[in-house]
Structures are given as structure tokens and as C-alpha cells.
Amino acid sequence: MKTLSITQLPVQPEFDFPTFLFLSQIDELGPRDMIAVLDVWEKWLPLLKVYKLGDRKEHVVVFLESEVEDQVDEIWKQSPSEGFKHEAIAQTMIMGTLKALMPELGEKQCAPVPEPTKPLCRTLEKIGLNLQDSGALDRKYATITPYPHRYGCERCHLKDSCIKNMNLDLGGIMKPQPKAE
């Protein structure tokens with residue numbers, strides 16, 4: 001059964017403060033909260049896994065170990081606002097890793113999801129991940145994309161369900177309602 005080569009990549013992303021603020025929907029963060037966020041970041045860095053898969057048509061998979069998911073789930077139970085903040089830290093770590101690996105991924109570009117072929121799925125199983133037919137990985141904080149960055153929306157496995165490709169006309173949603181007389 002064919003599988004792809006697996007190479008662990010030593011990536012340590014920098015904390016991306018603007019991305020964190022955007023994802024956490026926070027306008028500003030005080031010094032005490034910022035230190036707490038950075039402490040979580042440092043605690044989770046060893047749980048960040050990055051692998052290059054393949055030799056010719058390469059992919060990169062970035063994920064946080066399930067321990068992070070468990071921690072975030074527990075925090076959500078205690079405090080939804082803290083859970084949301086911790087979820088944003090995890091998402092920032094995944095996005096920051098992609099940006100560190102592929103700086104050409106700009107603010108408005110996506111990391112296309114590859115088709116879940118049998119060799120790709122078998123390879124991911126070797127590192128403890130499952131790629132579903134939908135293109136989703138079985139980890140909450142994870143992504144897989146061609147590496148180095150190539151293709152874009154036209155080759156993304158999710159293109160048919162992506163909001164960017166639905167051509168929705170949302171213009172009338174926010175029209176002011178006529179005043180009652």
C-alpha cells in the first residue's frame with residue numbers, strides 16, 4: 001500500500017497579536033491578560049506538530065495534540081469567554097505556523113484542502129490523524145494543504161461548499177426597514 005514520506009518540520013511560530021485579536025474578537029488586551037495568553041502559547045508550543053508529507057507533490061499538515069482540545073473543552077465548561085479566548089490562541093497558532101512556512105499566504109488567501117486520496121489518508125494515519133471524505137481532519141485544531149503554497153480555490157477539495165464560491169447576494173440583508181406610519 002502506497003504512502004507518502006513523512007518529515008517533521010521544526011517550526012516555532014511567533015505569536016501574531018493582530019490575528020489573535022481578530023479571532024478572539026477582542027479590541028484590546030491588558031498586560032495581565034496578555035501575559036496569560038503568552039503563557040498558554042508557550043505551554044502549547046511543544047504540542048504543535050508540523051509534518052511535510054511527500055517528496056514531489058508535497059503537503060504540510062499542522063495540528064495541535066488532542067491534549068489542547070481537552071484543555072480548551074474544560075475551560076469552556078468553566079468560562080465560555082475564557083474558552084473562546086483559548087480557542088483563538090489555538091487557531092492563531094495554526095494560522096501562524098502556516099504563515100511561517102508559507103509567507104505568500106496573505107490575509108485574503110486560503111490554504112486549499114487537498115483531495116483525501118488513499119495514499120494521503122494512509123500517511124496521515126501513520127501520524128495518528130484521520131482525513132475524512134469531507135476533507136476535515138479529526139482534530140479540532142488542524143489543517144492540511146499543499147506545500148509550498150500552490151493552487152488556491154480552483155483545486156480545493158472544499159470549493160463546492162466554500163462561502164467564497166457560493167456567490168451569495170447578501171446586499172439586501174442590511175437594508176433599512178421602512179418606518180411605520
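**Exercise 1. Histidine 59: buried or exposed, and what surrounds it?**

Task: Classify histidine 59 by its accessibility, then describe its surroundings.

Solution. 
Step 1. Histidine 59 has a relative accessibility of 12% in this predicted model. The limit for a buried residue is under 20%, so histidine 59 counts as buried.
Step 2. In the chain, histidine 59 belongs to strand β3, which covers residues 59–64.
Step 3. Leaving out residues up to four places away in sequence, histidine 59 touches Tyr51, Lys52, Leu53, Pro114, Leu120, Ile144, Thr145, Pro146 and Tyr147.
Step 4. The histidine 59 side chain also reaches the backbone oxygen of lysine 57, at 3.5 Å.
Step 5. Across to β4, the bridge partner of histidine 59 is proline 146, a residue that is also among those it touches.

**Exercise 2. The whole chain**

Task: State how many helices and strands the protein has, and in what order they run.

Solution. 
Step 1. The protein has five helices and four strands.
Step 2. Read from the N terminus, the elements run β-α-α-β-β-α-α-α-β.
Step 3. Of the 181 residues, 41% are buried. The accessible surface is about 11,300 Å², and 53% of that belongs to carbon and sulfur atoms.
Step 4. Take the contacts between residues at least 6 apart in sequence: 71% of these join residues at least 24 apart.

**Exercise 3. The sheet**

Task: Give the strand order of the sheet and work out which strands are at its edges.

Solution. 
Step 1. The four strands form an open sheet with the order β1-β2-β3-β4, and the pairing is antiparallel.
Step 2. An edge strand pairs on one side only, and this holds for β1 (6–8) and β4 (142–146).
Step 3. On average, neighbouring strands of the sheet are turned by 20° against each other, ignoring direction.
Step 4. Now take the pairs in turn. Three bridges link β1 with β2 (residues 48–53); in this pair, threonine 7 has lysine 52 as its partner, and isoleucine 6 stands opposite leucine 53.
Step 5. β2 and β3 are joined by six bridges, with lysine 52 opposite valine 60. Five residues lie between these two strands, which form a hairpin; in its turn, glycine 54 has a positive phi of about 95°.
Step 6. β3 and β4 pair over five bridges.

**Exercise 4. How covered are β2 and β4?**

Task: Count the buried residues in each of these two strands and say which way the β2 residues point.

Solution. 
Step 1. In β2, six of six residues are buried, which leaves the strand mostly covered.
Step 2. Side chains of a regular strand alternate between the two faces of the sheet.
Step 3. In β2, Leu48, Val50 and Lys52 point one way, while Lys49, Tyr51 and Leu53 point the other way; all are buried.
Step 4. In β4, four of the five residues are buried, so this strand is largely enclosed by the rest of the structure.

**Exercise 5. Alanine 88 and its helix**

Task: Locate alanine 88 and find which residues from elsewhere in the chain it contacts.

Solution. 
Step 1. Alanine 88 is part of helix α4. This helix spans residues 80–101 and lies across β2, β3 and β4, running at about 155° to β3.
Step 2. With 1% relative accessibility, alanine 88 counts as buried.
Step 3. Beyond its neighbours within four places in sequence, alanine 88 is in contact with Phe20, Leu23 and Ser24.
Step 4. Phenylalanine 20 is 68 residues away from alanine 88 along the chain, yet their C-alpha atoms are separated by 6.1 Å.

**Exercise 6. Confidence**

Task: Find where pLDDT stays under 50.

Solution. 
Step 1. Over the protein, the mean pLDDT is 85, and 80% of residues reach 70 or more.
Step 2. The stretch with pLDDT under 50 is residues 168–177.
Step 3. For that stretch, the model has one contact beyond four places in sequence.

Methods
Residues numbered from 1 in each chain as written. Heavy atoms only, no water. pLDDT = per-residue confidence, 0-100. Contact = heavy atoms within 4.5 Å. Buried < 20%, exposed > 50% of the residue type's maximum accessible area, 1.4 Å probe, protein only. Polar contact = N/O pair within 3.5 Å; in protein donor to acceptor, adjacent residues only side chain to side chain. Pairing = 2+ DSSP bridges. Axes fitted to C-alpha atoms, helices over the stretch in contact; angles between N-to-C directions. Areas by Shrake-Rupley, 256 points an atom, 1.4 Å probe, with all protein chains shown as cover.
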